[in-house]
Amino acid sequence: MTTNISESMNAALVKVRELPITAFVNEIRLLYQRWFFERRNKAKDFTSKMSKDVEKKLEKRRDRAQIMDIRYADEYNFDVIDGDQNFCVDMALWTCTCGKFQLDQLPCEHVLVVVRKSAYEAYDLCSPFYSREYWYESYSGVINPLPHITSWCIPEDVSSFKIMPPDVRTSAGRRRKRRIPSVGEEQSQPKCSRCRESGHNRATCQNPIALHPSGQTFTACSTNPSFQGASSSYHPPSSIDDTNS
């Protein structure tokens, strides 16, 4: 299975992956240079303790925690009522039976109920890797700009080394541009813009289209008022003699 990071990079580089390898690598460098600069400034200007996405996630979980109730066992163990279910929170071990607290290293909605009813602080229960300081440090490195190739100082042993193209046989036909899906990955089905059904497109659509909400189909004569009078007064001749007369 592919990861979200590789899928994001594939989407970001889809327009430049047809370039030669040297130009392709340079586009990757420019992309990272822009990303590091923008995200480093965004983290520096952010004022909250946690990163932006974590703050949004905690806010949604706080809203859900408002409708939950709590039962006390002792100063560390709590029973949180979530609708028709109950979840056990252990503040000494930092665990919740829903599993989110241990997996995300962030307070789940059940832990936030305990935080709201006690003296615990939500930010103290978050992993430091979600903090604004770690966010800034992740992009603290600088991708330096690269001068023109004519100003490069290349060692003699590197410039004299000749790299030959790989000895491979190119298969006939058009090259594949789309990646091969991983095992178990669901492929998106095309959706027709004419009938709104999946599995085909507009060019190959053969479904009849109803022009009326009731499902009835109409011809041009029945829908165009200029043809209604002509279609009602015109009668085809019964024989050739009628046309001559």
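I began with confidence: this is a predicted model, and the protein averages a pLDDT (the predictor's confidence in each residue, from 0 to 100) of 82, with 82% of the residues scoring at least 70. Over residues 217–234 the pLDDT is below 50, and beyond near neighbours in sequence I find nine contacts (heavy atoms within 4.5 Å) for this stretch in the model. Where pLDDT is low, the predicted coordinates should not be read in detail.

For my conventions, residues are numbered from 1 along each chain as its sequence is written. Local features need pLDDT of at least 70 and side-chain atom pairs count only at 80 or more, while totals for chains, interfaces and linings use all residues, and side-chain values use heavy atoms, with hydrogens and water left out.

Next I looked up a helix pair (helices being DSSP runs of H or I, at least four residues, numbered from the N terminus). The axes (lines fitted to C-alpha atoms over the stretch in contact, with angles from 0 to 180 degrees between N-to-C directions) of α3 (residues 52–65) and α5 (residues 109–117) come within 8 Å and cross at roughly 70°, so the two helices are roughly perpendicular (65 to 115 degrees) to each other. Leu58, Arg61, Arg62, Arg64 and Ala65 of α3 make this contact with Glu109, Leu112, Val113 and Arg116 of α5.

Within α3, I noted that Arg62 and Glu59 lie three residues apart, about one turn of the helix, and that their side chains meet in a salt bridge (side-chain nitrogen of Lys or Arg within 4 Å of a carboxyl oxygen of Asp or Glu) at 3.6 Å, N to O. The structure holds seven salt bridges.

Finally I checked Ser48, which is found in the loop between α2 (21–45) and α3. Not counting residues up to four places away in sequence, Ser48 touches Glu55, Tyr123 and Arg132.

Conventions:
Parallel < 35°, antiparallel > 145°, perpendicular 65-115°, else oblique.
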